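Here are a few exercises on charged side chains and how they pair up. Have a go at each one before you read the solution.

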Amino acid sequence: MKKQLFSLLLAVLLCLSLTPSSLAAGGEGYEGYSDVPENHWAAGSIRRATELGLFQGVGDGLFGLGRPISRAAFATAMTRLFGWEEVCPDKPSYTDVARNSWYYTAVETVLANDAVAASGHTFRPEDELTRGEMASMLVRGLGYTSLAGTAADYGVPFSDVAVNKGFITVAYDLGLMDGKGGGRFDPDASATREQAATVLVRVYEQCAVESVRLSADADCQLITISTPTAQPDAEMPVTPLEPLPELYATLRRMKNNGADMSQVALRLMAGGVRTITDAGGNPIAASQLITAGEVQEALRQKDVHIFYSEQYESAYCIYPPNAYQTAYVWYQSEESMAAKLQMARLFGVTRYILE
């Protein structure tokens, strides 16, 4: 999954960033660009993006400050950031991206990882990337496409946004992109190279922070996301642990209310929730909370089928406890916990409790 791959890349980049000669395209250490003043607002992000190997200059010691970034160049930088395995099919997916072009692999890779919508026959690689497109590609790359659909209903915080509302809302809520003042986002404006570098470094730095596990009796404000449960003889609900849309909504609400996100911790369930249904799919009893050990027993059952919901970021399995019933168990996997901790970190919450 994309988030797992991203976590692996972060570990590698953290090691590289500690070496004396930090990574830069072409293997040279970063020594500054002649067109980037030391007091420029993006100077730090430009330096960091170069050290991490996400960007390189445009030649002659220049970064290309103020120049628009192309869609192909941003696809290349995203591929480097997320550490996606490169995709290079024999047949191009887009009519305007030739197989021998320098950006062919990057464009195919962002498509394969759902960072761009799969509709249309052209990619427009040389076109200038707009701010709205940057928000969309970034949120898709993080794996939050379905979440953007939910966020679209919250109301975009900018008066000039008519399309990509959910993607821009998520990018803004996570602190990855800002407005242009006066309640405007300017979604159709071209994104500059320094803006792209700043946004990608923000993603890296917010996700690279290590989540710290606290003891159950820690004195802190806890974020608790209720797990839905089924009731007997009622319609069977979806019962994921700490569903991601609800976690996002809670973190968003806390941030908008001015909470100090560094002083709170996320509470996660270590086990799972099990519901038994009859042949008609109706719960025969209320859902039961089960321990991590009981989850492992369920996963060892005969004829068990294991699934993962990227919409809710929760794992679940289905198995027949007998010939007349079906058991549904939603549980906390390493993947689901990593995804929820990443979401929390993007909101500035770096502590958690696992119960």
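Keep in mind that this is a predicted model.

**Exercise 1.** Find out whether Asp 90 is buried or exposed, and do the check for its salt-bridge partner Arg 99 too.

*Solution.* Start with the pair: the side chains of Asp 90 and Arg 99 meet in a salt bridge, at 3.5 Å from N to O. Now take Asp 90: its relative accessible area is 69%. The cut-off for exposed is over 50%, so Asp 90 counts as exposed. Arg 99 comes in at 42%, which makes Arg 99 partly exposed.

**Exercise 2.** Which parts of the chain does the salt bridge between Glu 355 and Arg 267 link?

*Solution.* First, the contact: the N to O distance between these two side chains is 3.2 Å. Next, place each residue. Glu 355 lies in the segment after β9 (351–354), while Arg 267 belongs to strand β3 (residues 264–268). They're 88 residues apart, so the pair links distant parts of the chain. Finally, accessibility: Glu 355 is partly exposed at 43%, and Arg 267 is partly exposed at 28%.

**Exercise 3.** How many salt bridges does the structure hold?

*Solution.* The count is 12.

Conventions: Residues are numbered from 1 along each chain as its sequence is written. This is a predicted model: local features need pLDDT of at least 70, side-chain atom pairs count only at pLDDT 80 or more; totals for chains, interfaces and linings use all residues. Side-chain values use heavy atoms; hydrogens and water are left out. A salt bridge is a side-chain nitrogen of Lys or Arg within 4 Å of a carboxyl oxygen of Asp or Glu. Buried means under 20% relative accessible area, exposed over 50%, partly exposed in between (1.4 Å probe, protein chains only). Helices (H or I, at least four residues) and strands (E, at least two) are DSSP runs, numbered from the N terminus.
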